[in-house]
Amino acid sequence: MATATASPSQPIPALPEPFQDWFAAQGWAVYRHQLSMVEAAQAGQSALLIAPTGAGKTLAGFLPSLLTLAEQPRTGLHTLYISPLKALAVDIERNLERPIREMGLKIEVETRTGDTPQAKRQRQRHKPPHMLLTTPESLALLLSYHDAAEIFQGLQCIVVDELHALANSKRGDLLALAMARLDALSPGLRRVGLSATVHDEDYLLRWLASGLDAPDTSVRKVRGDSGAKPEIEILDTAAHLPWSGHMAVHALAEVYERLKQAQTTLVFVNTRAQAEIVFQDLWRRNEDGLEIGLHHGSLAVEQRRKVEAAMARGALRAVVATSSLDLGVDWAAVDQVIQIGAPKGASRLLQRLGRANHRLDEPSRALLVPANRFEVLECQAALEAVRAGSLDGDPPRQGGLDVLCQHILGTACAGPFDADALYDEVCKAAPYTGLSRELFDKALGFVCDGGYALKSYDRFRRVAQAADGLYRMTNPRQIQRYRMNLGVIVEAPTLKVRLKGGRSLGEVEEYFVQGLRPGDTFIFGGELLVFLGIRELTVEAVRGKGGEPKVPAYVGGKLPLTTHLADRVRAMLETPADWGDLPPPVQEWLAQQRRRSVMPPEEGLLVETFPRGEREYLVAYCFEGRNAHQTLGMLLTKRMERAGLSPLGFVATDYVIAVWSLKPARDVDALFDEDMLGDDLEEWMAESSLLRRTFRNVAVIAGLIERRMPGQEKTGKQVTFSADLIYDVLRKHEPDHVLLQATRADAGGGLTDIRRLAQMLARVKGRIRHCRLDRVSPLAVPVLLEVGKEQVYGQALDELLDEGAQALIEEAMSDETVQGLLPI
Amino acid sequence: MSQFCYINGAELVMDRRGALYWPDRKMLVVADLHFGKGAAFAAAGQLLPPYDTAATLSLLETLIAAYRPCQVVALGDSFHDEESAARLDSDSDARLRKMVEAVDWTWILGNHDPAIEAGLGGAVTEELVVGPLLFRHEASLGAAQAGEISGHFHPKACVRVRQRRLTQRCFVGDPMRLVLPAFGAFTGGLDVLDEAISSLFPKDFRVWLLGRQGVYPFPSRALQPIAPYYAL
């Protein structure tokens, strides 16, 4: 919440005296946009503030409420603040508490999250503070209490922080529904959204205004000053620039030197496994004894809080972090951000850059460290996008039907409701504006009795319509069940990791642990650990002394490249005039590609085919992200099989897909025809684990199956039932069930990969450039190096693989073919 | 493609749909039907789809039509709980009675159905001995009784083939005893690597995974632990 030091002597006419004095005592001036927010409040208007980090956004959100409460003391809840992070709410409480105390204001501020003690939560219900800081989930929980109407009557203002991170997600759906409810409980409630710079401001504006009386005029858009442009640089490594891999180990010596030159550095990586490896490597080099910390989502909460606190004190020189630190508490001391690996999106990069130097008048400094050649291109594209102020935009999504089911159940928990009134209310939430009554009734039907066509559950209704026409909960036990399962984040089950006889280090996915045998080593929390066994849902380990570790292979953490950035990479590849900024080895690599094959066109699609060993390879330069390529790989191999080409396998990266087969593909246009997404996709989707996993998440959110606690399935003799089998049975007997509709919407639209594929196939139709080559092309080398990587274990094989990789590179770069020397 | 196996000298056919057929005796064996499971959950407040009983019945009818057995043995946990038989809808109830009447039917009692109403037809027993084989719900602990055929554990197993993990229901056994997969439509599973199952086979065991077209044998050393998502 730091505010700029610019012109401290300037008077602040719009603020009353205690505020003016306090600001002056801090040496702060009020920003123009902060005053605009006050004006909006005085006019009774809602407001959307769009400003970069460091612009005093949060204070801008609270200032109007502080002024009102200072002038007109009152009791009861006045302002509700919603943050995507618990930690952020806690930090804001601390930051608000100081000015309130120093100005002698009688304003109570409290947080309410899953960590708040039971007694305090009870008290907050009958005697709420003036300002309550909470999360979307805790708000939904509050709304499910029978006394929700009393708690929220008189509420004047709701402030949604980091709106850009919430709006287009299921958590945003949950919040939008809760806000529609709040609007019914306290009409005239002002809404305030705080957002970072985004691609589609109008979407956020509509999201915030939805359901208000005059949506077009009721929200004032306030823009903060854009501040100094960030200074971004791509590391021009002196080391050999790798062809593949994501760890960037080659550059860590140089990264370490940069840590020494800065005061405090945030080192961002993309996956938790990467975080562990980078952290270990930096400590191996740490001859100067720099204080370097580690922060990722699997570490124990206490551990993370400790790192955050040390950071806040300025006691750390660097923290290696994953997206666990993308959002969060501001640390004024951070003067450098290093991004290791490709940024994957321009908005994400900008968000991370914003974590450095929370002062508008000084530029944030950042270093990008690509881990391989393709990542160099991606880093360059991202850098140019940020300089041009051009950001990624996800198309707005429809609200999740599963979230709607959860909301209806929560509404029933609070008390009897009228279906017509609830439908009208739900339609006021932005993600549900177009919701048909039919779909709403299906969701309501699911909540009542499962909504099955076979009406055999009449006697088992959860929620039933009484003679007065209102819907009521039939059994108070269902309320308990709703509260246990509330929320839209469904995590992979995890186990605690504990040092034998010592402290808890954090959590790992159970899946990973099951692959461990006692005596195996793995890296966790920056330490090499020896796995002893599982005891009472806890992994027991001792510190190890060397040997080859198995690094945690975490589920998730692999973000696909955004469409926007992919477009920029394509454009750059086709324009050799733009290559001047690239490091010489990359320029050389691209020049060779131009000589030996062609560059992937900006519009259209380059497909190369070539023989290698006993196999035929097909490499397509789609740039649609790994997930979309995985799907494409499945569909392509299916089609190649039908064409009698005998496909043997495929491998996908963020940029390209490679398929190998016994016979060469000749009619490439037919292979990539759009109708691939017809029957084949339907069939594949229905069977795919993607849909099964999606169904499981949907079923948990909607309240069909219960959230599992870690290790729960181990306690019984066997698991009670299988989500997979429910999916199969439902698909066969009732393909139009609302949960299957929700599943298809999520997998087809929400997850964007299929849509990306569809758009690509349409875009390249008739514009596929097929290049038949006699050997591998330079651009194809990185993806071919990925082949086999997943199949190789142990050190001897690694050496072989390395030899193979070297030979492959020489083959691609030399002008003479040396096929005979190559291993297959 | 079905698979043959020999348990205590008896030649048995493993069907990919999860049933066991004994040609010499024209006997069909199924385990853990869990009729009424969806409804039992619904009664407890969790509204699982109501189609499981009909789905299980249809599959059983298909198998009976295919093998034309003289004798059918249901290895216990045929009903999900004590009220499940009474809770069956009239259509399912009629289909079940018709099936039971048509053959020599034996209900073995399980932990989920410690008693079965006599009115349903069929014989009701804890154990059944036929020639070299002994049929019971749960495998006996310690040294195996020769020729023991049981259910109860809902075995599943996972193998890795060409970088893909395949997790399926399975038969698990050694030359002396065999545990059948669960037949019911909503039945979850337990990894055969779990001690509860693996300890039944002190020397070694094999599994036969149920596929779309056939049943596929694997030695125990080829197995991987099931990832939790697949176990769910």
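Start with an open sheet of six strands in chain A, where the order is β8-β13-β12-β9-β11-β10 and the pairing is parallel. Keep in mind that this is a predicted model. At the edges sit β8 (231-234) and β10 (292-295) of chain A, each pairing on one side only. If you look along the sheet, you'll see that neighbouring strands are turned by 20° against each other on average, ignoring direction.

One pair you can pick out here is His295(A), whose bridge partner in β11(A) is Ala321(A). Elsewhere in the sheet, β9(A) and β12(A) also run parallel, joined by four bridges. Here Thr265(A) stands opposite Gln336(A) of β12(A). On to the next pair: β12(A) and β13(A) are paired in the parallel sense over four bridges. Find Gln339(A) and you can trace its bridge partner, Leu368(A), in β13(A).

Stay with β12(A) for a moment. How many of its five residues are buried? Five of the five are, so to speak, tucked away: β12(A) is mostly covered. Here's a handy general idea: in a regular strand, side chains alternate between the two faces of the sheet. With that in mind, look at both sides of β12(A). Gln336(A), Ile338(A) and Ile340(A) are on one side, Val337(A) and Gln339(A) are on the other, and all of them are buried.

What packs on this sheet? Helix α11 (residues 252-261) of chain A does, touching β9 (265-268), β11, β12 (336-340) and β13 (365-369) of chain A. The direction of α11(A) makes about 170° with that of β12(A). Another helix, α15(A), lies across β8 and β13 of chain A and runs at about 165° to β8(A).

Helix α14 (residues 346-353) of chain A packs with helix α15 (residues 373-387) of chain A at an angle of about 70°, and their axes are 9 Å apart. This angle makes α14(A) roughly perpendicular to α15(A). From α14(A), the contact uses Ala346(A), Leu349(A) and Leu350(A), while α15(A) brings Ala382(A), Ala385(A) and Val386(A). Sorted by class, the contact between α14(A) and α15(A) has six nonpolar residues, no polar ones and no charged ones.

Most residues other than glycine have a negative phi. Glu162(A) isn't a glycine, yet it has a positive phi of about 50°. You'll find Glu162(A) in the loop between β5 (157-160) and α8 (163-166) of chain A. Is Glu162(A) buried or exposed? It counts as buried, because it has 22 C-beta neighbours inside 10 Å.

Ser661(A) lies in strand β24 (residues 657-661) of chain A and counts as buried, with 23 C-beta neighbours inside 10 Å. Beyond its neighbours within four places in sequence, Ser661(A) is in contact with residues including Arg615(A), Glu616(A) and Met640(A). Lys732(A), in helix α28 (residues 723-733) of chain A, has 12 C-beta neighbours inside 10 Å, so it counts as exposed.

Along its principal axes, the C-alpha trace of chain B spans about 45 × 40 × 35 Å. How does that fit with a compact globule? With 232 residues, a compact globule would have a radius of gyration near 17 Å, and chain B agrees, having 17 Å. Of the 232 residues in chain B, 49% count as buried. Among the contacts in chain B with a separation of 6 or more, 66% are between residues 24 or more positions apart.

Technical notes. Residues numbered from 1 in each chain as written. Chains lettered and ligands numbered in written order. Predicted model: local features only at pLDDT ≥ 70, side-chain atom pairs only at ≥ 80, totals over all residues. Axes fitted to C-alpha atoms, helices over the stretch in contact; angles between N-to-C directions. Helix = DSSP H or I, 4+ residues; strand = E, 2+ residues; numbered from the N terminus. Parallel < 35°, antiparallel > 145°, perpendicular 65-115°, else oblique. Contact = placed C-beta atoms within 7 Å. Nonpolar A, V, L, I, M, F, W, Y, C, P; charged D, E, K, R; others polar. Rg over C-alpha atoms; globule rule 2.2 N^0.38 Å. Buried ≥ 20, exposed ≤ 12 C-beta atoms within 10 Å, placed from the backbone. Pairing = 2+ DSSP bridges.
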